[in-house]
Amino acid sequence: MNMTAPISIHTIIPLSGSNYKKWREDIDLYFINQSVDWVLTVAAPPALTDESSDQDKAYYKDWSRANRICRLTILKTMSDTIKGGIPDKELAGELLQAVAERFTVSEKAETSMLLGKLMTMKYNMNTNIREYIMQMINISNQLAALNMGLDEQVIITLALKSLPNQFDNLQTTYNTQKDKWSLNELIAVLVQEDERIRKNKEYTATVNLIAKPQWKFGKGKGKVSASTANTFAASSSKNPKKVVNMKKKSFKCFFCKKEGHMKRNCEAYKNWAVKKGVHKEQIAKEK
């Protein structure tokens, strides 16, 4: 009785550039379930002749059928890109060996590339931190499929070291405590810390905007906002004559309504005051 877990050809993920180990395990299991795995290790029988016995003919038929099943399964479970780079073989055993040889060479380059990527990853806070850590875990899983599995604590250490300075307090806390985190605990803690940092950043930006110092124009003049000051400065640099005109227009007599002087300096007002008998002390008070 075959106690091996059943597997269908439709459940085998096609061979790509990074899943050879998993693909090979599924292929071998499928061949065992189909009872055709023996053909991979048995030499091909001699061609049939008129003198071949019925036993030879039966064996040749069984071997040909098993070889055909294995060969077609191998070809069907490879992506078109991988299939085009593997030399075609009539014997399933030789075809499987060609695939293994090709991936033994490429695995070294693949491992080096994935390991280098994992070591140089940096979190820039422009993405979701949960997705960022999941990317690191995915790379670690790919390395494990290439017989380069990393301990969970190594992944945690690399993840913490890849965080920006805003997470320094969290790194210090982890390094000084005795207990170790799991990857799930790391993700939960980082999500909370990331949210706290982002909220604190927004609050700081708001406080800085509200506390922006007010600008003054001239001694003793009223205060204006920074945005108004910037607008005024930009307008002044483009049209200096306009600024002069603005200064002149800022002095307007409340008595004769003419611009360029104030009421206390208005000759018309002084003459009116003399005619009306207004005392000099009262005029002085109005200054």
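**Ground rules.** I number residues from 1 along each chain as its sequence is written, and I leave hydrogens and water out, using heavy atoms for side-chain values. Since the model is predicted, I ask for pLDDT of at least 70 for local features and 80 or more for side-chain atom pairs, while totals for chains, interfaces and linings use all residues.

**Helix α1.** I took helices and strands as DSSP runs (H or I of at least four residues for helices, E of at least two for strands), numbered from the N terminus. I started with α1, residues 20-33. Its 14 residues should span 20 Å at 1.5 Å a residue, and I found the end C-alpha atoms 20 Å apart, which agrees. The expected span here is 1.5 Å times one less than the number of residues.

Next I looked up burial, where buried means under 20% relative accessible area, exposed over 50% and partly exposed in between, with a 1.4 Å probe and protein chains only. In α1 I noted Tyr20, Trp23, Asp26, Ile27, Tyr30, Phe31 and Asn33 as buried. Down the helix axis these buried residues fall within an arc of 160°, so they line one face of α1. I took that arc from the directions from the helix axis to the C-beta atoms.

**Positive phi.** Just after α1, I stopped at Ser35, whose phi is positive at about 60° although Ser35 is not a glycine. Ser35 sits in the loop between α1 and α2 (54-76). Met125, in the loop between α4 and α5, is another non-glycine with a positive phi, near 65°. I count Met125 as buried because its relative accessibility is 14%.

**Aromatic pairs.** I paired rings of Phe, Tyr and Trp (its six-membered ring) with centres within 6.5 Å, calling planes under 30 degrees apart stacked, over 60 edge-to-face and the rest tilted. The count came to seven pairs. In Tyr123 and Phe167 the centres are 6.3 Å apart and the planes at 70°, so I logged an edge-to-face pair. Tyr123 lies in the loop between α4 (92-120) and α5 (129-145) and Phe167 in the loop between α6 (152-161) and α7 (168-176), so this pair ties together parts 44 residues apart in sequence. Tyr123 and Phe167 are both buried. Tyr174 and Trp181 have ring centres 4.7 Å apart and planes at 55°, so that pair is tilted. Both of these residues, Tyr174 and Trp181, are buried too. I also found Tyr20, Trp23 and Phe103 in one aromatic cluster.

**Nonpolar core.** I defined a core as buried Ala, Val, Leu, Ile, Met, Phe, Trp, Tyr and Cys residues joined through side-chain atoms within 4.5 Å. The largest one has 29 residues, and Leu118, Ile133, Met136, Phe167, Leu186 and Leu190 touch the most other members. Two or more residues each come from α4, α5, α6, α7 and α8 (183-210). Helix α5 gives the most, with seven.

An unreviewed UniProt entry annotates residues 252-266 as "domain: CCHC-type". Positions follow the numbering used here, feature names are shortened, and such annotations may be inferred rather than shown by experiment. I read 0% helix and 0% strand over this stretch, with end C-alpha atoms 10 Å apart.

How many disulfides does the structure hold? I found zero, a disulfide being two cysteine sulfur atoms within 2.5 Å. The closest cysteine sulfur to that of Cys253 is in Cys256, 3.6 Å away and too far for a bond. Cys253 is buried at 1% relative accessible area, whereas Cys256 is partly exposed at 23%.
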